[in-house]
Structures are given as structure tokens and as C-alpha cells.
Amino acid sequence: MNSEQILQHFIETNALLEGHFLLSSGLHSPKYLQCALALQYPEDTARFGKAIAKHYLQAGIDTVASPAIGGLVIGYAVAAALNVRFLWTERQNGQMTLRRGFNLKPGERILVVEDVITTGGSTRECIAALEENGGKVVAAASIIDRSNGIADVGVPRIALASLDVPSYSEAECPLCVNGDRPIKPGSRA
Ligand SMILES: [Zn+2]
């Protein structure tokens, strides 16, 4: 799957909307990405999983890990394609942690998988939680990179497609100029 096919799939599944949106950050944007919609059908998700896994067939990955919730579906698909175990980290009182009895062997080689990387924050927090528990995170991957390649997560990183999603404060939003108001994604009446 090349990056054009991936973005086309996102458009077809309404996972990538174009218009005038109010993001949860309060910023306005002409695009909105809801990755979960692109991963509703297991067959599609399996293809994305294989496309990521392909890069790591020879990397000696023991385990795939994802930060909940965004990374869970695609992370599981990548683990299935690599035939390795899958686990996740999640926030507890705002702190990314490894819970639910998941244990890592010292030096266990881990690939961290996310759906979308924007700032890389949750991937970095996931990596830190895994390393605190003895894991060795060797790489990170996502379906979409929204950082223009900039997000640095401290380990080598790939993405299947790159997407430039500009966002603006209300005062600077070019879409607001004609009095048009942004809609909140997911609140469509
Ligand atoms: Zn606006």
C-alpha cells in the first residue's frame, strides 16, 4: 500500500474530513482526522498492520506495544502480522503506565505502534513506561504522520503516510473570514 492508497482509504471511510473544524485543542482546521473510522473493518486493518510489519520482519521484534486507546487496533494488527505478543500502556491519573499484569523481560525488543503521530507525545510516554519496566524499544511506527516528519520519539520511526493538517487560532483562521463558523467533528446534527 502506498501513501496515496492509504489516504484514499481514509477519505472513503470518512476518517479524513475536509471543511472547517473546531478541534478539541480549540484550534480551527480545514481537515479533521478520525483514524478509528479507517480501522472499522478488520480486513482493512490487517492490510495496514502488514504494511507496517513488513518493515520489521528482520528486526527481531519480541513484542508490539501501543499507547491506549488510539494505538490499540493498529498495534494488535501489527503484532498479528509479526506473530508476536501485543500489550499496551494507558494513562492512570494522567501518567502513562504499564498495568493489567503486563510484564517485560529485561531487554525485550519492542516496537511501539500508534495510529497517528502528531507531536509524538503519547508514543514518547509509552516508550518511557516500557523502558521503566525493563523493555528495550527499538523502533516506533504509525499509519499517519501529522508532524511533517518532525516528531522525535527518541528511536527510529516510520509512517505509512504523511498528512499536513494545518490548524489556526480563531483570530488567525482563514476559514473564519467570511463569517463561516467551524463545526465540532462528531457533533453532526
Ligand atoms: Zn475558523
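Donors here are N, O and S atoms within 2.8 Å of the metal (3.2 Å for Na, K and Ca), and water is not among the atoms, so sites may look incomplete. Along the chain, the donors of the zinc ion follow the spacing H-x7-H-x144-C-x2-C. His28 sits in strand β2 (residues 28-33) and Cys176 in the segment after β8 (157-162), so this pair ties together parts that are 148 residues apart in sequence. Strands (E, at least two residues) and helices (H or I, at least four) are DSSP runs, numbered from the N terminus.

This is a predicted model, in which local features need pLDDT of at least 70, side-chain atom pairs count only at pLDDT 80 or more, and totals for chains, interfaces and linings use all residues. Residues are numbered from 1 along each chain as its sequence is written, and side-chain values use heavy atoms, with hydrogens and water left out.

Back to the zinc ion: its protein donors are His20 (NE2), His28 (ND1), Cys173 (SG) and Cys176 (SG), at 2.1 to 2.3 Å. The four donor atoms subtend angles of 94 to 116° around the zinc ion, which makes the arrangement tetrahedral (for four donors, all angles between 85 and 135 degrees). His28 counts as buried because its relative accessibility is 1%; buried means under 20% relative accessible area, exposed over 50%, and partly exposed in between (1.4 Å probe, protein chains only).

Now for the backbone. A cis peptide bond, with omega about -5°, joins Ala68 and Ile69. Asn14 is not a glycine, yet has a positive phi of about 65°.

Conventions. Four donors count as tetrahedral if all angles lie between 85 and 135 degrees; four count as square planar and six as octahedral if opposite donors are over 155 degrees apart and all others between 65 and 115; anything else is irregular.
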